[in-house]
2 protein chains.
Amino acid sequence: MTNCERWQSYELTLDGPTNGNPFMDVEFAAIFNYGTDHIHVRGFYDGNGKYKVRFMPKSVGIWNVKTISNVDELNDYQTSFTCTPAQDNNHGPVQVSGKTHFTYEDGTPYLPFGTTAYAWVFQDSKTQEKTLSTLKENSFNKIRMTAFPKYYNYNTQEPAQYPFAGSPTHTTGIFNDDSWQVDPQKTGFDYSTFNPSYFQHLEQRIKDLDALGIQADLILFHPYDSWGFARMGQAMDKHYIQYIVARLASYKNIWWSLANEYDLMAQLGQKPLSAWDFIGKTVHQEDPSGHLLSIHNFYDPPVHKGTTKNWFDYTKPWITHLSIQSDNVFFVPKWLDDFQKPIIFDECRYEGNIEFGWGDNSAKGMVDSFYRIVLRGGYATHGETYIDKPNTTRPIWWAHGGILRGESQKRITYLKQLLATNGFNYVNPMAVQGPHWELAVGESPDKQHVFAYIGDNQPEFEIFDFLPKDNIYSAQVIDTWNMTSTKLNERIDKNHYFHIPRKPYQAILLTKIN
Amino acid sequence: MTNCERWQSYELTLDGPTNGNPFMDVEFAAIFNYGTDHIHVRGFYDGNGKYKVRFMPKSVGIWNVKTISNVDELNDYQTSFTCTPAQDNNHGPVQVSGKTHFTYEDGTPYLPFGTTAYAWVFQDSKTQEKTLSTLKENSFNKIRMTAFPKYYNYNTQEPAQYPFAGSPTHTTGIFNDDSWQVDPQKTGFDYSTFNPSYFQHLEQRIKDLDALGIQADLILFHPYDSWGFARMGQAMDKHYIQYIVARLASYKNIWWSLANEYDLMAQLGQKPLSAWDFIGKTVHQEDPSGHLLSIHNFYDPPVHKGTTKNWFDYTKPWITHLSIQSDNVFFVPKWLDDFQKPIIFDECRYEGNIEFGWGDNSAKGMVDSFYRIVLRGGYATHGETYIDKPNTTRPIWWAHGGILRGESQKRITYLKQLLATNGFNYVNPMAVQGPHWELAVGESPDKQHVFAYIGDNQPEFEIFDFLPKDNIYSAQVIDTWNMTSTKLNERIDKNHYFHIPRKPYQAILLTKIN
């Protein structure tokens, strides 16, 4: 009997028909039986007559597998495997914990410190390898990336492969059409026929990320589309979702992001706002492993920048967390309260020097957002957009991956380490309304530590009147930019003032001593 | 016949009764006649049997004056004076111009660059003189100040005089009471009897400000009250308004601010939110000169900091402009559009080092707010809160005046000068929504200049696609912190990229060359 480690990908491969369009004609699935659990898992055609079904077992012991198909040679095949305990470095998939936070399934703390390299898997091999080595050198534990190739400013190269059979009929450019559902004849692609090699490559990259301990926050649809993939219509969307979920759901580090900037897709005429309920439910139903699932906005909510648009309805039961674009970092505790779900600022402006407002944040600004968001109980995602000239062909991390040129990533690592070494399995935001609203303050779940970020403000005298009564703390001044910690020779409690040097980007880390 | 310069204060003094309570018992007013204009102006009792009526003539020529009183000796006195043309340095009062901006009444541009020293007139003489000399050395042209003494953190000294007869019966502290209208017995003050000496002093300081070309944005009520002045009840509020408006409305540099933090007054039980309509209408009706009139909030609107409170209804016809407390600087163009009135950010956090979030902004942050607000078509007000230790008795500019210790005031002057020397009689905000929302961009009314603030962002390549078609500009890079201007050797138009050095707090000032 074969073995499969808990939370790793079990794969069963059978030979089947190659005639017709196997992607459309052949139904193939398996029931995974464990005790009284009977889990239905869709399989997929991997080309060359190979039919596969993959599954991530969550329980240690013997699993019995039985296939179902409308094709005799694929139907009623039976086998078993033993699910062995997880090894030390395997903590399982990430899941929501305690409503607004995350852990790995084995209970190990997981605080998302993500980055963004949307189209990295579609670059040349050398750039892809560089991306992996850059990720290895840094401490990001999540990456936002697209399942489809990307067409956008600074990212106009055609990919080496396409997800579907066919090739583009037109010059590169945002694909325009009059209807929500494009005529495939116009685009040159047959959306009913997948290109297995394209997905095999994507899979390999997701496994490479898993080996580095990085979650793949995979974006299923996006508006930066030159090939009609953003407007295939509901039937082909469903076909694509069934296929990609069947291929990838067994990888423990997969997260589903239904879309990047779904509301921009509506504005561009690619997919109506009403499309996402069906798409979300389909992903949720198809995924036997219950991976994290969200959707990402373009428009900021009414609190900012003059727009009156609203966010997606993140209260829907199949949405596991908020994946928002916003640089309003004050509301995090309120939103956590409102939604009772984790909140990830998956775009809060990128460190870079480009001509766009979302991509010309300073490194200091990027780090500032991390502290302000994370110490208020949310999570932030990094991105980097440095160019050498306008319309450059040099890889830019945010789109292509490659190397990081910025200064924020080290400081983000420093914050991550400070939290990890001071008991912050997650951050409980502290109520500091009133005169202290300019601080971002979080408490460790064990209540032994309080972490207050001062940012670019410059109080030289503070009284932390929000501290719990009777608690006494020792204090370190954290220089978030220079990444140093200096002991403050004062005992801090809620009733007494203390002195802080005047300097930007400082935080105070308190440790309870009574 | 006496002369009075246009927009200066004409004063008529008559002798009258001293028995009883002249402030309550004696009605005294005058009609100022000029051609077909007959303007009713309330007079006031100045103590020692002296009854006065003051008036700011707006028309050059002969004015006939006739008094009205319920006391014979003050009734039907007739006199005349000649209103002479304004001298060169007298531009008249400031008024709203073109809906969202200001000018002096003679048409001279006026862009408010205000500061804040709430209780400066209640400090010792030496501190008051220092305040005036500090103002003289700087370029602020408006100051926010209170008509009543102030009791608040860092400002707990009793004033030398009180506005009413009596003296406090209780230890200093925020005055608490169960009702909106306090029993004067409890406070030790007779609100029906004014102390003329108190008001004479206030008047002198307003005249001193006028001599420096500074508008006195006088706050009539405020919550930092230790004497019951914040809860006198409607009848005594009216009596006070009639008196103070009669005394001060003839000074051309007076602005009326009904209250500081009126919504905090409601929360403290001092004055209900419903009180302000009566107060505002009363000030408006009593003032024959139509001075600028607004009211200032405590709570930020729903766009910020999690509060759901709203602003005052600034659409009321007697409100001339918005006087807001907010550090949300993105919405200015939208709010200008919504309200069609000028918007002054009369509190957008102060430069300082104190323990409160509103008073620990850096100098860079203060200057940043000025650029972001002013180049979006609004106006900003400075304040400074540097202490040497908690609970210090050293004067703090924001409360006491005295000297400025900060670094923002010079940079504010530099901005003011840049605007004055580049045709910005006011600033037309330019629509830079979309990818350029992080910029604050204004155009001069003559369309010869565009001023784009980049702030702490760091684009190294820009394309100003919001510029008018066919316009070509020369450009200077303004270092807003170091106060330098460097010519950019590029011609700028809407179609071409240009390079900017990477550095925080820069702005680009364009001058049309075609």
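Student: Which residues bring H9(A) and H11(A) together?

Tutor: In this predicted model, H9(A) contributes A:Ala363, A:Met366, A:Val367, A:Phe370, A:Tyr371 and A:Val374. They meet A:Ser408, A:Arg411, A:Ile412 and A:Leu415 of H11(A).

Student: How does that contact divide into nonpolar, polar and charged?

Tutor: The contact of H9(A) with H11(A) has eight nonpolar residues, one polar and one charged.

Student: At what angle do the two helices pack?

Tutor: Helix H9 (residues 363–374) of chain A and helix H11 (residues 408–421) of chain A pack at about 20 degrees, and their axes are 9 Å apart. Angles under 35 degrees count as roughly parallel, so H9(A) and H11(A) are roughly parallel to each other. Their crossing is right-handed.

Student: And H5(A) with H7(A), what is the angle there?

Tutor: Helix H5 (residues 234–248) and helix H7 (residues 275–286), both of chain A, pack at an angle of about 25 degrees, with axes 10 Å apart. H5(A) and H7(A) are therefore roughly parallel to each other. H5(A) passes H7(A) in a right-handed crossing.

Student: Which residues make the contact?

Tutor: From H5(A) they are A:Gln234, A:Asp237, A:Lys238, A:Ile241, A:Gln242 and A:Val245. From H7(A) they are A:Ala275, A:Phe278, A:Ile279, A:Thr282, A:Val283 and A:Glu286. By class, this contact of H5(A) with H7(A) has six nonpolar, three polar and three charged residues.

Student: Changing topic to sheets. What is the strand order in the five-stranded one of chain A?

Tutor: The order is S1-S8-S7-S3-S4 in an open sheet with mixed pairing. Strand S1 (2–5) and strand S4 (37–42) of chain A each have a single partner strand, so one side of each is left without a neighbour in the sheet. On average, neighbouring strands of this sheet are turned by 30 degrees against each other, direction ignored.

Student: Inside that sheet, how many bridges join S7 to S8 of chain A?

Tutor: Six bridges join strand S7 (residues 61–69) of chain A to strand S8 (residues 78–84) of chain A, and the two run antiparallel. One of the bridge pairs is A:Gly61 with A:Cys83 of S8(A).

Student: What about the three-stranded sheet in chain B, what is its order?

Tutor: That open sheet runs S18-S19-S21 with parallel pairing. Strand S18 (322–325) and strand S21 (379–380) of chain B stand at the edges with a single partner strand each, so each has one side without a neighbour in the sheet. S18(B) is joined to strand S19 (residues 343–347) of chain B by four bridges, and B:Leu322 has B:Ile343 as its bridge partner in S19(B).

Student: In the hairpin of S9(B) and S10(B), which residue takes a positive phi?

Tutor: B:Gly98 does, with phi near 55 degrees, in a hairpin that has three residues between the strands. Strand S9 (residues 94–97) and strand S10 (residues 101–104) of chain B pair in the antiparallel sense over four bridges, and B:Val94 is partnered by B:Tyr104 in S10(B).

Student: Last topic: how many residues of chain B are in contact with chain A?

Tutor: 35 residues of chain B are in contact with 34 residues of chain A. The chain B side divides into 14 nonpolar, eleven polar and ten charged residues.

Student: What rotation superposes chain B on chain A?

Tutor: A rotation of 180 degrees with 0.0 Å of shift along its axis does so, with an RMSD of 0.0 Å. That is the relation of a two-fold axis.

Student: Why do the copies meet through the same surface?

Tutor: They do so because 97% of the interface residues of chain B are also interface residues in chain A.

Definitions and conventions:
Residues numbered from 1 in each chain as written. Chains lettered and ligands numbered in written order. Predicted model: local features only at pLDDT ≥ 70, side-chain atom pairs only at ≥ 80, totals over all residues. Contact = placed C-beta atoms within 7 Å. Nonpolar A, V, L, I, M, F, W, Y, C, P; charged D, E, K, R; others polar. Least-squares fit on C-alpha atoms with pLDDT ≥ 70 in both. Axes fitted to C-alpha atoms, helices over the stretch in contact; angles between N-to-C directions. Parallel < 35°, antiparallel > 145°, perpendicular 65-115°, else oblique. Left-handed = near helix turned anticlockwise from the far one by under 90°. Pairing = 2+ DSSP bridges.
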